[in-house]
Amino acid sequence: MEPVDIPIVEIITDHPSSEHCAAITRTLREYNDANVGDIQDKPDFAILVRDPHTRDVLGGLYAVDGYGWAFIKYLAIPSA
């Protein structure tokens, strides 16, 4: 049995650089292009959590749909 190389996991808790973000999105883009092809992103969408009596928005999810995935930009869940 061949030895398995275990990747290094680095957690950056304070201000990841633009290079870190670019490296992650490059890996994701390469995978998506190889497996799905060039698909245009769909418009942003939202899922709202409303008060059942007042219909005021209490929280929810705001995201963009691309490559068949939902990329969450904001998520707010009411404490109740």
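The model is predicted, so local features need pLDDT of at least 70 and side-chain atom pairs count only at pLDDT 80 or more, while totals for chains, interfaces and linings use all residues. Residues are numbered from 1 along each chain as its sequence is written, and side-chain values use heavy atoms, with hydrogens and water left out.

**The sheet**

Strands of a sheet pair through backbone hydrogen bonds, either parallel or antiparallel. Here three strands form an open sheet in the order 1-2-3, with antiparallel pairing. Strand 1 and strand 3 stand at the edges with a single partner strand each, so one side of each has no neighbour in the sheet. From one strand to the next, the twist averages 20°. Strands are DSSP runs of E with at least two residues, and helices are runs of H or I with at least four, numbered from the N terminus; two strands pair if DSSP finds at least two bridges between them. Seven bridges join strand 1 to strand 2, and Asp 44 stands opposite Val 64 in strand 2.

| Element | Residues |
|---|---|
| Strand 1 | 44-50 |
| Strand 2 | 57-66 |
| Strand 3 | 69-76 |

**Buried and exposed residues**

Buried means under 20% relative accessible area, exposed over 50%, and partly exposed in between (1.4 Å probe, protein chains only). Asn 32 lies in helix 1 (residues 18-35) and counts as buried at 3% relative accessibility. The C-alpha atoms of Asn 32 and Gly 68 are separated by 9.7 Å, although these residues are 36 residues apart along the chain. Leu 75, in strand 3, is exposed, with a relative accessible area of 55%.

Notes
Axes are lines fitted to C-alpha atoms, for helices over the stretch in contact, and angles run from 0 to 180 degrees between N-to-C directions.
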